[in-house]
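Thanks for coming. I will go through a few packing features, one at a time.

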Amino acid sequence: MKIAIVEDEEVWRDKIRNLIDKYCRDKNIPAQIDTYGNGSDFMKNADADLLFLDIELAEGEDGFDIADKLMNFKNQCKICFLTSHTELARAGYRVNAFRYIDKKHLEEVGEAIDAFLRTRMQDRIVYCNDTAGIPIKINLNELLLVETSGRKLRYLMLDGSDYFCEGRISETAQSLSQFGFFQIQRSYIVNLKYIEKVNSHEITLCNGLQIVIGRVHSKEFKKEFFKWRMRFDQ
């Protein structure tokens, strides 16, 4: 995850960076944090998933203008505006701001990252080739599980539809693990978000399907599921 901070006052820039750094260390989230003293330097690359942007910058720069430019460039980063004047927040509707953070309440920085992770972690499209070699688009937000089916993989979606694709379950589990999926046993990869119940030997998914937890996967699954719940459950 790439996080950028655009703030012209060094004291605020350092405070925000330290808060983000502590949050990521506490929750074991890998992140690249870049800081900028002005919008011009940031816009040279404009490379961030999440941007903490001061509304009132020095030398006549305006945070809303920077956000406008990002929208015009079709940049997908989420913007958290920073301000000491909360009345300015009302003008942000036009740039689809993700959050407004009062500098007097910087504790809201952690909540903003939590919300960002919940909305973006599975905001991905992956592709796999079906049995005819045709690429199939899979929306991870709607993917319930992946299971072996003979020599193919079956991708089961939330609405009950499914796709049969080429692939190996171990390789697929590895590629999906960063997005909140876990290989719970030899034949199943599940979306941690859609687990409704867990006991010592099996899970129940939101569609009622019960899957036995593989013995060799049990310890690691419990650790990963706990981390997921701690990070994303409200």
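In helix α5 (residues 169-176), the buried residues are I169, T172, A173 and L176. Buried here means under 20% relative accessible area, with a 1.4 Å probe and protein chains only; helices are DSSP runs of H or I with at least four residues, strands are runs of E with at least two, and both are numbered from the N terminus. The four cover an arc of only 100° around the axis, which puts them on the same side of α5; the arc is that of the directions from the helix axis to the C-beta atoms.

This is a predicted model: local features need pLDDT of at least 70, side-chain atom pairs count only at pLDDT 80 or more, and totals for chains, interfaces and linings use all residues. Residues are numbered from 1 along each chain as its sequence is written, and side-chain values use heavy atoms, with hydrogens and water left out.

What do the buried residues of α5 pack against? They pack against β8 (143-149), β9 (152-157), β11 (181-185) and β12 (188-191), where contact means heavy atoms within 4.5 Å.

Next, the cores. The largest nonpolar core has 22 residues; such a core is a set of buried Ala, Val, Leu, Ile, Met, Phe, Trp, Tyr and Cys residues joined through side-chain atoms within 4.5 Å. I20, L50 and F52 are among those with the most contacts inside it. The largest share of this core, 6 residues, comes from α4. Another core, of 19 residues, lies apart from it and includes A4, A48, L53 and C77.

Last, the arginine: R13 sits in helix α1 (residues 10-26), and its side chain reaches the backbone oxygen of E7 at 2.6 Å.

Terms used. Buried means under 20% relative accessible area, exposed over 50%, partly exposed in between (1.4 Å probe, protein chains only). A polar contact is a pair of N or O atoms within 3.5 Å; within protein, one must be able to donate a hydrogen and the other to accept it, and residues adjacent in sequence count only if both atoms are side-chain atoms.
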